[in-house]
Amino acid sequence: MSHYAVFGHPVSHSLSPRIHAEFGRQTGIALDYTAIEATPAGFAQALDAFAAAGGKGANVTLPLKEAAFALCSVTSERARRAGAVNTLTRNDGQWHGDNTDGIGLVRDLTARLGLDLRGRRTLLLGAGGSARGVAPALLDAGVSELVIANRTPERADALVDLLGEPGRAHSRYWNDLVNEGDFALIVNATSASRDGLQEFSLPFALAASRTLAVDLNYGEAAIPFLAWAQAAGCRDRVDGLGMLVEQAAAAFELWHGVRPDTAGVYATLRGKDASLVTAD
Ligand code: NDP
């Protein structure tokens with residue numbers, strides 16, 4: 001039996017153990033996958049203990065993705081472009097870091113939902129670990145412009161610097177977004193609703209009827225942003241459940257060399273076969 005885990009703080013909400021158990025059943029691969037609570041201060045020690053106990057791979061969720069990057073001896077190009085790691089693999093006594101968040105989001109929007117991201121003027125809210133993961137993938141998917149706004153503006157500036165595409169990626173102060181016109185894609189990569197935020201305070205002028213609004217959060221945590229998107233008139237509104245399944249499938253393939261089927265797992269978690277998730 002191979003040992004895998006997801007580390008986070010908090011992590012009890014994570015659906016990853018359920019998703020990886022299902023992928024294992026589907027592909028006939030025996031594994032156990034647990035959720036391990038780790039604060040930023042205790043993460044390095046918890047990861048060492050996991051490796052010492054035979055841990056072969058781990059996912060990392062908030063707020064540990066940038067810390068995970070720093071703990072890896074080897075990193076993929078995707079992880080370096082993000083400066084963040086969500087997938088760790090133990091090889092030759094070292095942690096190898098990759099980032100499957102971006103490919104997970106883009107696969108969900110393009111392959112599952114059939115949406116075209118090319119040419120979309122895009123607003124990314126947040127500059128934490130998951131925003132870092134999805135930003136390079138959005139640029140690769142052909143968005144025309146990527147505007148990044150974050151509560152702490154210095155983190156948005158740092159992400160823009162790391163992306164190294166001054167012609168396409170810029171940071172803006174959250175309070176100045178009102179002057180930005182509208183966007184064809186708005187991605188919420190903040191954990192604001194997990195912090196207890198009930199209502200998103202964003203100008204309606206950011207959205208137009210053709211705007212696709214995407215929240216990386218799912219479940220109750222996606223309600224405030226998707227409710228804002230509905231009130232702002234966005235036609236298409238998507239939560240992060242499909243991305244969650246897709247980033248997990250990409251991690252599973254890295255670890256086991258087999259790509260699992262995602263459609264059935266997504267439908268089971270959703271509880272109904274919705275093609276587009278709306279806040280209705
Ligand atoms: P981090 O802790 O790394 O970053 C949190 C981000 O949210 C930062 O940009 C932070 O801003 C911002 N933020 C937090 N509270 C507030 C607030 N009250 N108002 C405005 N901004 C706020 O978390 P992650 O980036 O890893 O995760 C972000 C969210 O995305 C999480 O809720 C997570 O569950 C979800 N997620 C979903 C995935 C999926 O597969 N569906 C994958 C990855 C993440 P600041 O820099 O100012 O602190």
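A helix crossing is called right-handed if the near helix is turned clockwise from the far one by less than a right angle, and left-handed if the turn is anticlockwise. In this predicted model, the crossing of α5 and α9 is right-handed, and α1 likewise passes α10 in a right-handed crossing.

**Helix packing**

| Helix pair | Angle between axes | Axis separation |
|---|---|---|
| α1 (residues 16-27) and α10 (residues 263-270) | roughly 140 degrees | within 10 Å |
| α5 and α9 (residues 241-256) | about 120 degrees | 7 Å |

On the α5 side, the contact is formed by D101, I103, G104, L105, R107, D108 and R112, and on the α9 side by G242, M243, E246, Q247 and A250. By class, these residues comprise 4 nonpolar, 3 polar and 5 charged.

For the other pair, α1 is oblique to α10. Helix α1 contributes R18, I19, E22, F23 and Q26, while α10 contributes V265, T268 and L269. This contact has 4 nonpolar, 2 polar and 2 charged residues.

**Nonpolar core**

The largest nonpolar core has 31 residues, of which L124, L138 and L146 touch the most other members. Two or more residues come from each of α5 (101-112), α6 (129-140), β8 (145-149), α7 (153-163), β10 (183-188) and β11 (207-215). Helix α6 gives the most, with 6 residues. Leaving aside residues up to four places away in sequence, L124 touches A131, V134, A135, L146, V147, I148, A149, V187 and A189.

Key:
Residues numbered from 1 in each chain as written. Predicted model: local features only at pLDDT ≥ 70, side-chain atom pairs only at ≥ 80, totals over all residues. Heavy atoms only, no water. Core = buried A, V, L, I, M, F, W, Y, C linked by side-chain atoms within 4.5 Å. Buried < 20%, exposed > 50% of the residue type's maximum accessible area, 1.4 Å probe, protein only. Helix = DSSP H or I, 4+ residues; strand = E, 2+ residues; numbered from the N terminus. Contact = heavy atoms within 4.5 Å. Axes fitted to C-alpha atoms, helices over the stretch in contact; angles between N-to-C directions. Parallel < 35°, antiparallel > 145°, perpendicular 65-115°, else oblique. Nonpolar A, V, L, I, M, F, W, Y, C, P; charged D, E, K, R; others polar.
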